[in-house]
Amino acid sequence: MWWGGRGQSFNIAPQKEEPEIGSEQRSRMPEPRSHLLGGCLASGCLPGEQILAWAPGVRKGLEPELPGTLICTNLRVTFQPCGWQRSQDTPLSSDYDFALVNIGRLEAVSGLSRVQLLRPGSPLKFIPEEILIHGRDFRLLRVGFEAGGLEPQAFQVTMAIVQARAQRSQAQQYSGMTLSKAGQSSGPRKPPVPLLETSEDWEAERKKQGARGWRVSTVNERFDIATSLPRYFWVPNRTLDSEVRRAFGHFHQGRGPRLSWHHPGGSDLLRCGGFYTASDPSKEDIRATELMLHAGHSDVVLVDTMDELPSLTDVQLAHLKLRALCLPDSSVAEDKWLSALEGTRWLDYIRSCLRKASDISVLVTSRVRSVVLQERGDRDLNGLLSSLVQLLSAPEARTLLGFQSLVQREWVAAGHPFLTRLGGTGASEEAPVFLLFLDCVWQLLQQFPAEFEFSEFFLLALHDSVRVPDTLTFLRDNPWERGKQSGQFSSYTQVYTPGNLQPQAGNSVNQQLSVWDWGLRYSNEQILQFHNPGYDPEHCPDSWLPRQQSSFMVPGPPSSVWLFSRGALTPLNQLCPWRDSPSLLAVSSRWLPRPAISTESLADQEWGLPSHWGACLLPPGLLLPGTLGPQIRLWKRCYLRGRPEVQMGLSAPTVSGLQDELSRLQELLRKWTPRLSLEDHFKKRDPNTTLSQSC
């Protein structure tokens with residue numbers, strides 16, 4: 001983020017000119033580096049972090065150019081401008097910190113024509129004059145090296161980056177690291193957001209949602225049903241744990257139906273994996289499964305999550321195309337750039353996700369029913385749609401605390417495979433589904449700026465935090481791996497208790513820390529920017545629907561079972577596939593007609609709202625985003641951060657956007673001020689002189 005480095009740099013004294021370093025001296029560089037960069041080792045480096053190479057340089061590509069030092073460690077590459085001070089309270093991240101796993105592309109440049117793409121194991125064919133580091137998070141760091149005896153250091157730091165990337169996998173990098181700030185607190189601490197690692201956390205969240213017909217199940221407390229499931233989840237009150245255990249065995253990866261969110265009007269949103277049709281359930285298992293899917297309602301809608309939404313391969317390919325298009329040296333001509341953006345399909349996939357989330361929100365809001373999201377693995381699109389539905393339907397989910405709790409519950413605790421999807425394991429299942437979700441949230445923020453307490457800065461911080469080496473929130477594939485790494489238990493059969501707060505011997509990761517501990521990486525000034533100044537307090541949860549059935553919601557048809565797929569509701573004779581010969585009778589997709597409005601998406605025009613609503617306003621708290629062509633926009637602050645010429649002058653027609661531009665100008669002025677001479681300082685106080693010089 002362009003705003004991420006304020007007040008967070010290491011304290012490095014200006015470098016003294018050193019004589020040229022011979023080969024014998026270069027082989028013993030760690031000790032001299034430790035002496036020259038003593039400030040880094042004393043206050044900036046993390047425990048276990050070692051400096052591998054460094055070289056003086058100048059940050060280029062942005063105005064003003066900043067002199068500083070490019071440093072490669074066994075964890076990251078960082079550029080430290082001269083004279084900047086890194087706050088002791090935020091030791092880790094700045095605008096110029098690139099975790100090794102976050103480096104997507106590394107280029108060495110010499111002259112105007114010599115450019116070499118550096119891959120793991122590839123030798124450097126020349127001494128670079130510049131090095132370009134492209135981050136997977138769309139950031140770009142361009143550093144030029146000074147001539148005059150410093151060429152060996154430029155060569156060495158470049159090769160150190162190549163070798164460090166090749167030698168370290170993501171899992172290895174994070175296996176033995178802890179934050180220095182973690183040791184500042186003694187004894188147990190309450191995390192800023194409930195991590196949902198105890199039954200008490202789940203019970204408190206259940207009461208907060210007012211889900212009286214549900215209870216916290218401990219059937220997976222030892223992870224013997226599914227390691228990808230949380231240790232605790234919600235099931236209907238009338239369902240025994242023994243029934244839950246048997247019924248979950250008939251779903252893919254053991255991920256049976258569980259409550260995701262209880263609507264204050266009475267509806268319930270559930271999620272589950274695909275039916276394991278090869279199994280042979282007994283009548284009791286089928287009865288228990290139907291009981292959990294009905295969730296006490298007579299009207300049940302089974303949603304095919306994977307229908308009409310992109311596959312994991314589609315998401316990954318679109319993201320790769322988008323990243324290639326947004327590179328500063330993209331070969332796409334300016335007059336064809338928009339058509340190339342359309343060709344990535346990224347915006348189309350955002351549009352599809354928002355459309356389907358809007359349809360599901362109507363299903364949840366229009367009638368009192370059970371809506372079940374079903375995806376084969378239940379770990380990707382189910383989390384995306386469930387989160388979007390809650391953002392569209394629940395104002396409390398749009399607060400800063402509510403959104404963080406939503407992500408913790410629907411993504412982290414629910415077992416989204418962050419490490420695999422973000423390319424940390426080298427597996428072929430890479431697909432940034434969570435980043436697609438954040439883009440969808442940004443679209444909602446643009447269309448409803450007064451409805452969200454958090455700002456675009458917060459979404460950027462969350463976007464960039466998925467590859468920051470600090471906590472285990474986004475660095476494991478399931479709750480079992482995360483708990484095992486943090487020392488909650490020595491094996492998946494050991495029961496975790498809330499009092500077990502000390503990690504295992506030899507394990508330095510502090511399980512009490514999470515990505516929601518923003519003070520680890522950001523200053524108080526930056527955290528204040530997480531709040532949206534245009535947020536309307538009148539949309540607070542206290543003024544929303546009462547915890548009872550509201551007047552605009554009506555019960556569903558008696559004993560009705562539906563399949564929602566391809567924009568249509570299809571009645572089913574039976575809910576479970578193990579029943580004989582289910583009858584599929586297609587019905588009109590205009591089951592919920594309403595007059596078309598030009599600002600609505602095509603899906604909204606097709607489905608609309610229940611006819612008894614007529615031309616009335618939407619129920620309190622419900623948002624229906626537009627998804628027509630120009631209503632879905634490119635997230636420029638995120639994807640075009642490597643192209644400063646596009647960022648300059650970028651503003652949004654909101655109070656938050658204007659505040660962003662003001663902060664940007666103030667930051668630019670602060671960077672320029674130390675470089676002005678005393679004479680220039682007095683000249684700039686005369687507006688006429690300044691105007692004449694600028695002309």
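**Strand pairing and helix packing in the predicted model**

In strand E8, the bridge partner of Leu132 is Arg142. Ile133, in turn, stands opposite Leu141 of E8. E7 and E8 form a hairpin with four residues between them, and Phe138 in the turn has a positive phi of about 75°. The structure described here is a predicted model.

On its other pairing, E8 (residues 140-145) is joined to strand E1 (residues 51-60) in the antiparallel sense over four bridges. Within this pairing, Phe145 of E8 is the bridge partner of Gly57. These strands are part of an open sheet of eight strands, ordered E4-E3-E2-E1-E8-E7-E5-E6, with antiparallel pairing. Strand E4 (97-99) and strand E6 (114-117) are the edge strands, each of which pairs on one side only. From one strand to the next, the twist of this sheet averages 30°. Helix H4 (residues 151-167) packs on the sheet and touches E1, strand E2 (66-73), strand E3 (76-81), strand E5 (103-110), E7 and E8. The direction of H4 makes about 115° with that of E1.

An open sheet of six strands is also present, with the order E11-E12-E15-E13-E17-E18 and mixed pairing. Its edges are strand E11 (258-262) and strand E18 (568-571), and each of these pairs on one side only. The twist averages 25° from one strand to the next. Inside this order, strand E13 (residues 299-304) and strand E17 (residues 560-565) run parallel and are joined by five bridges. Leu302 has Leu563 of E17 as its bridge partner.

Helix packing was examined around helix H12 (residues 381-393). Helix H11 (residues 346-366) packs against H12 at an angle of about 60°, with the two axes 9 Å apart. H11 and H12 are therefore oblique to each other, and H11 passes H12 in a right-handed crossing. On the H11 side the contact involves Cys353, Leu354, Lys356, Ala357, Ser358, Ile360, Ser361, Val364 and Thr365, which meet Leu384, Leu385, Leu388, Val389, Leu392 and Ser393 of H12. By class, the residues of this contact divide into 10 nonpolar, four polar and one charged.

H12 also packs with helix H15 (residues 433-447), the axes coming within 10 Å and crossing at roughly 15°. At this angle H12 and H15 are therefore roughly parallel to each other. The crossing of H12 and H15 is right-handed. H12 contributes Leu384, Ser387, Leu388, Leu391 and Leu392 to the contact, and H15 contributes Val433, Leu436, Phe437, Cys440, Val441 and Leu444. The contact of H12 with H15 has 10 nonpolar residues, one polar residue and no charged residues.

The mean pLDDT of the protein chain is 76, and 68% of its residues reach 70 or more. Over residues 541-551 the pLDDT is below 50, although this stretch has 33 contacts in the model beyond near neighbours in sequence. The pLDDT also stays under 50 over residues 675-679, for which the model has three contacts beyond four places in sequence.

Methods. Residues are numbered from 1 along each chain as its sequence is written. This is a predicted model: local features need pLDDT of at least 70, side-chain atom pairs count only at pLDDT 80 or more; totals for chains, interfaces and linings use all residues. Side-chain values use heavy atoms; hydrogens and water are left out. pLDDT is the predictor's confidence in each residue, from 0 to 100. Contact means heavy atoms within 4.5 Å. Axes are lines fitted to C-alpha atoms, for helices over the stretch in contact, and angles run from 0 to 180 degrees between N-to-C directions. Helices (H or I, at least four residues) and strands (E, at least two) are DSSP runs, numbered from the N terminus. Angles under 35 degrees count as roughly parallel, over 145 as roughly antiparallel, 65 to 115 as roughly perpendicular and the rest as oblique. A crossing is left-handed if the near helix is turned anticlockwise from the far one by less than a right angle, and right-handed if clockwise. Ala, Val, Leu, Ile, Met, Phe, Trp, Tyr, Cys and Pro count as nonpolar, Asp, Glu, Lys and Arg as charged, and the others, Gly among them, as polar. Two strands pair if DSSP finds at least two bridges between them.
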